[in-house]
Amino acid sequence: MFSGCQKMLVPIPDLSSTLLTRYQPGHQPLALRNSCRNDLDVAVRSRDSFNKKILKQNNAARALDLNKNIENQCALQQQENKQVERELEFKSNKHQCKVHFVDDKIKRKKKLSLSLNRENRPTQANETNSVKSQQNSPLKKRLKTWEMHEYMQHQTGASSSNDYILNSKTSHNSDDNSYNQKKQITTTMATLCNIGNTCYLNSVVYTLRFAPRFLHNLHHVCDDMSEITQKLVYNKAKSASLGRNIGGIQGPNTRSLSTKDLASIGSFVDVPKTNRQIATEKLHELYTHLYRNEVIESTEAFHADTFLNAVQDVSSIFEGNQQQDAHEFLMCVLDSIRETCNSLTKVITECPDIVANGFVSLPEKIEVQTTSQRKTMVQSLFRKLSKDDKSKMNRNDVAMKDADAKDTNNQKCGVISNLDDELLCANDKEKNMEKVNEKIKKMGVDFFTEDFEGVTCSSTKCLSCETITEQKETMIDLSVPITGYENLDQLDDPNLFIQNLCITREQFRGENKYRCEVCTGLTEAIRTVSYPILPRLLIIQLKRFSGGMEKINNYIPTPFNLQCFCSKCCLLPESEKLHTYRLYSVITHVGATLSVGHYIAYTTSLDNYKDYHDCPKDKRKNQPNPASSIPPVGSQNAEKSQGLMKKYIFKSRATSSGDVTRNIKNLNGSVKNLTNGIDKTAPNGSISCQSINCCGILMKNSPGTSLSKLNININGVSDHLRHNSYVDNLPNSSLNDDCGNFGGSASSFSKQSEPLWFMCDDDKIKTMTQREFEELLSPNKKIMVTPYLLFYARMDLR
Amino acid sequence: MLSHKNNQSGCKKLQMSFVIRDAEERKHRNGVNALQLDKNNGRLYSAGKDAIIRVWNTQASYQNEYLHSMEHHNDWVNDIVLCCGGRNLISASCDSTVKVWNAHKGFCMSTLRTHKDYVQALAYAKDKEQVASAGLDKSIFLWDVTTLTALTASNNTVTTSSLSGSRDSIYSLAMNPSGTMICSGSPENTIRVWDPRTCTRIMKLRGHSENIRAIVVSSDGQQVVSGSSDGTIKVWNMGQQRCIQTIHVHTEGVWALLMTDTFSHVISGSRDKKIFMTELRNPANSVLVCEEKAPVLSLCYNLDQSGVWATTWDSDIKCWKLPRLDRVCQNHPDGPVINTKEIANIKGGTAIKKFAVLNDKRHILTKDSDNNVALYDVLKVIKVEDLGNVDFDEEVNKRNQRVYIPNWFTVDLKIGMPTIVLDEVDCYAAWISAEIGLPEYADPGSTDLKLNFGSLLLKALLEHWTPVHNSPSNDLNDVRGNGYFEIPKHTPVVVSEVGGRTLVRLVRDTAGENESTFLNENVPSWVTDVVVEKAMPKFIKIPFYLLPHPQMVNGQKDRIKKDRLVANEFIQCRKVCEHVLDKVLGAETTPSSGMATNNSQNSQSDGNSDGGSQIPPEDRIELLCNDVILDPNMDLRTVRHFIWKQTGDLTFHYKTKPNFN
């Protein structure tokens, strides 16, 4: 369901679902494709009227948008046409819109243009979009008045001067590089393709991408995992070869590998990994691909099938092409990440050796360990956590969380279930433990607990003896029951709506009395649920189903700022609360029933200024290290990043790499030091972590473009700092940490920008302002968008 | 003629229960919820969580001696009120009844059953002789005591008015002596005030943040003092309809309040185990009366008002010296000067806190509040022995035999003594052979005699009841009891609804005509069928397979007949051996009637054929299950529970022993 479709006729939701069900990997007959297109046409047609309205409302802004967007579109078109042949090789379900949409109109036109392209591709004839142009004439005219002009300058040999669709043709003739140089680069975002009812996967992946600090943390965990694996393999080989240097740096005196050595290596190469660890790695890889796509400005929607397969190996529920529940999928993904973090923590605590100087060090620096040590380490790293461990970890975690949340990491490593004295190299066990704890904390290895885990406390009070029994549990999401009979008239504050549903109070009385152990009998009791700790990244599931298969479509308010209701904050008055939560993503479900529907994710980037800065792991990369493959951040940014680029670019596009490099150079020229969207130094002089170049989000921006007002600078260190209007609304905004508001520069921007939201509908990404999004969510629309999962990030106020 | 099958309680299921106890329980076996003092004769009435109200003589020379017990309730007695100058006692209990007693003689005169849930509190208007009762069913009933005490079996209707409007369960109630005002407290944290004369609502007092557990009204009805679970004591002014004072002496819920005569000071007992005396006008003037060993439940003045009786979760009732009123002042800056003194102590007994049912499903082990372990025999309703302060789990393991008998009763410890409950579903599940079930009574010869625990027990419990028969009486029907043993006569037998509401309480030796009538009306049919009509409870059958052991077969696989048999679950393995001998192998012994290959019923007393072979069948045939050689004494259900342990039908293999033939 696209934004702006509220006034659409009812068939449209069905439309989406039918579109989805037609997606089959493999070929699609042309007839089917055409029929798809027809459906699209239908959709498009009805949307026209609504679009007109919107346009009337926001003409100016839109005009500018369109401007940029069409330019963008041109560039994209050009690239796309370069890849024409490649396209044909890809799976046919990509034929749907691969291009990024920035606005309704453009989107629609895009579709038409593409479909036309497809038709015309075989012939490559001069096409006149006469058929379609009729339908679009009013809009076309408008377009014409604004920017066709500019546009046309770049089009040589265009047969029809009044048709934007000739991009495809013109791109053949235009000089890419010069075009790129002259053209201003506008916002792009990598997209995911729907590979068989995978909107549940796409929406979750999009959401997590925008979860503050998530990409950064995920990167380092995967990084560390692979380094440890490497090291284990290396060490095994090393000791197996009786000290011969296998796989390391070959000096002049080393002998070549004998068959014996090779055999011994072979048996160790396959270090068994659990499915969950593989899934986590594949997720990271997926983000890497998305980043790549953004860097090379690819318009292809990425196929997340590797990742999907990895998740299917974890849980067979997701096998096949059926529609799935996004919440279930999200839980599965988070579970995999959790296990990976836990394994990593376990390995490090069991064998602190592996971590020297605060990070996983390189093979040469590690002493050869005893076989048993290694075995244990491998076992612990790669076996699934047994139930015991899990429960121990959970219980201990819970116990830990009883203390101040800030100390969590410090205390966490009191949980060592299998620590064996022999494994420790140092004599003083305790000292070592402390060191290990510190290392782990510095490494941020167990970010999952910090970020996603909270603690619920179910407290039952017998009314007779007034004994209170508490039961604490960790949780990673809150499920809010929706009955469909909520009385929303009483709601002044949407905040409290969710809060009231979460902090519940249950009475045991009448036939349903409580069996009190102290009274040794049945008594009345009251059970309350409260939250000693709410996770930094809070996930709320609105349970829009009640027993049966009926989906409850009632309106539920979606607060953009959610008051924190952890136990501490509940006791404080509104002005003195310790935390607050900001909405950064919403996954909505479109569909009348539970069994059939479509997921769309709406995400925004909350400024994460400090996210990639002062990353402790980053510093180690700066140390001169010949074996290290990751270039240090420094003045040689461009060159190094060039090398980096080369690594990531498809081999078949050797020429493009050059293009990209040039692009970057040009970027460097036109925008001061804007490399990969990041300034090499932040205003306060810190350096960003290299992981940003691996799997971050790249949203390019240049000064002077009108888009700077709607600045979407992620990884946001630049002059055009986007400033969330949230900040204005907060009391005592002496904000730190997540919000990324620094000094005077921010305030000067406060009036300028409004948060920008991205509607991510599989391979279509559309931007909208927060106001538009709010309107979308309001109950006044005929066809309502029903939020299903809400994602909040915590901001500490004190 | 009332048919005993007429179940007047509607379609609710009924259960039978009884308490294993001594004839006389002179000491409180659990905490004490309420106290009342009769100033005329110095009698102290204490209402216990063990469902018994005891009377003590607190006059000077009598040293608090025990006078008698008033037993009729089946669950905690929550509150008592002494009326009519000490002649009558009204009690409210968790068994949802309000009872009227003759206080001097100590017997129950009538029972009021208007409440549908626990009755938590009583209030008394002395001048009008009016009593109000309220409970968890949110209702308040007003009673005229004189009418109540005039109730007889023939004149047994009483009209009551009720006060409506409470939104939540009521935990406390108070009236002023003139009966012009009644207040109730509930977990909705408000005090509701009514006028009992007109049954109209007067006001709601808000201010507490938790349940209100104690309320006192001044004699002029102008002031109300309330104690709450939030730890505060609030003084309310009726005229202004608001709280005029909050006293913060306690750290936990305030559960008991006592006012001095002039309403100048309040004595408060709390969950924090302390009793304070505080001046109302100036709460800073507060002195600690004592610190008890457990949360304080109720308070009562002693005879000369020099001290205060206090009850707690423990079963002791202690009297503490009260400081003189003029001594109630602020504590010294150097620290509190506590001068507490215990004047008297009525010692109580222990309450059973934990139990375990042994595998023989006849004995239970218990642990009490002093950590003493005791062994009880449920079937005979007695305590077998006190084991002292031993390790509970160890004893359980030591005494558990390797036998499987289905559960046929449940144990409830709410009153601190073991209450055994029998219900329709499971009561007759425990069939057992005589020598295992009642070894002390079984004839060594009658190995086939089968007994049913539930049936035995019920017959014994109702031994002295003369029910009304449908069928003409004959000699067989007149046989009372179970024919083996008797149970203590003082055992109270109770018929109640599943879920706790009592219908009839019978103590066997006082089974007069009234009780008989009650029983006739209320004993459920599943009981009378067996006890009165002498019907046989149903047997439980187990299907199983019988196969020759693979070792025996030796290549004749196609000839194996897989017998699927059905038999009563309590038969022993030797019977199976017999069957193998007789029916399968066709040996020379005469056929016995021990086994059935179809669903015919097995008669309870098997006439075992002693003729035929002199060698017992188990010496000639070996029976195995899961390759474990079975003890011939073991019964089928034990085999299934301990050895087979799987779903699916039990499978036996048989082998001939070397001495076969």
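**Exercise 1.** How many salt bridges does the rule find across the interface of chain B and chain A?

*Solution.* Keep in mind that this is a predicted model. Begin with the contacts: 22 residues of chain B touch 17 residues of chain A. Next comes the area buried between the two chains, about 1500 Å², with carbon and sulfur atoms giving 37% of it. Now apply the salt-bridge rule, which asks for a side-chain nitrogen of Lys or Arg within 4 Å of a carboxyl oxygen of Asp or Glu. Across this interface it finds four salt bridges. In one salt bridge, A:Glu466 pairs with B:Arg213, and their closest N and O atoms are 2.8 Å apart.

**Exercise 2.** Find which parts of the chain are linked by the salt bridge of A:Glu339 and A:Arg276.

*Solution.* First check the distance: the two side chains meet at 3.8 Å, N to O. Then locate each partner: A:Glu339 sits in helix H14 of chain A, and A:Arg276 in helix H12 (residues 275-295) of chain A. The pair is 63 residues apart, so it links distant parts of the chain. Over all chains, the rule counts 36 salt bridges.

**Exercise 3.** Describe how H9(A) packs on H14(A).

*Solution.* Start with the geometry: helix H9 (residues 199-210) and helix H14 (residues 326-350), both of chain A, pack at about 55°, their axes 9 Å apart. That angle makes H9(A) oblique to H14(A). The crossing is right-handed. Finally, look at who meets whom: residues of H9(A) including A:Tyr200 and A:Leu208 meet residues of H14(A), among them A:Phe329 and A:Val333. By class, this contact has eight nonpolar, one polar and no charged residues.

Notes. Residues are numbered from 1 along each chain as its sequence is written. Chains are lettered from A and ligands numbered from 1 in the order in which they are written. This is a predicted model: local features need pLDDT of at least 70, side-chain atom pairs count only at pLDDT 80 or more; totals for chains, interfaces and linings use all residues. Side-chain values use heavy atoms; hydrogens and water are left out. Axes are lines fitted to C-alpha atoms, for helices over the stretch in contact, and angles run from 0 to 180 degrees between N-to-C directions. Helices (H or I, at least four residues) and strands (E, at least two) are DSSP runs, numbered from the N terminus. Angles under 35 degrees count as roughly parallel, over 145 as roughly antiparallel, 65 to 115 as roughly perpendicular and the rest as oblique. A crossing is left-handed if the near helix is turned anticlockwise from the far one by less than a right angle, and right-handed if clockwise. Contact means heavy atoms within 4.5 Å. Ala, Val, Leu, Ile, Met, Phe, Trp, Tyr, Cys and Pro count as nonpolar, Asp, Glu, Lys and Arg as charged, and the others, Gly among them, as polar. Buried area is the accessible area (1.4 Å probe) that two parts lose on being put together, summed over both.
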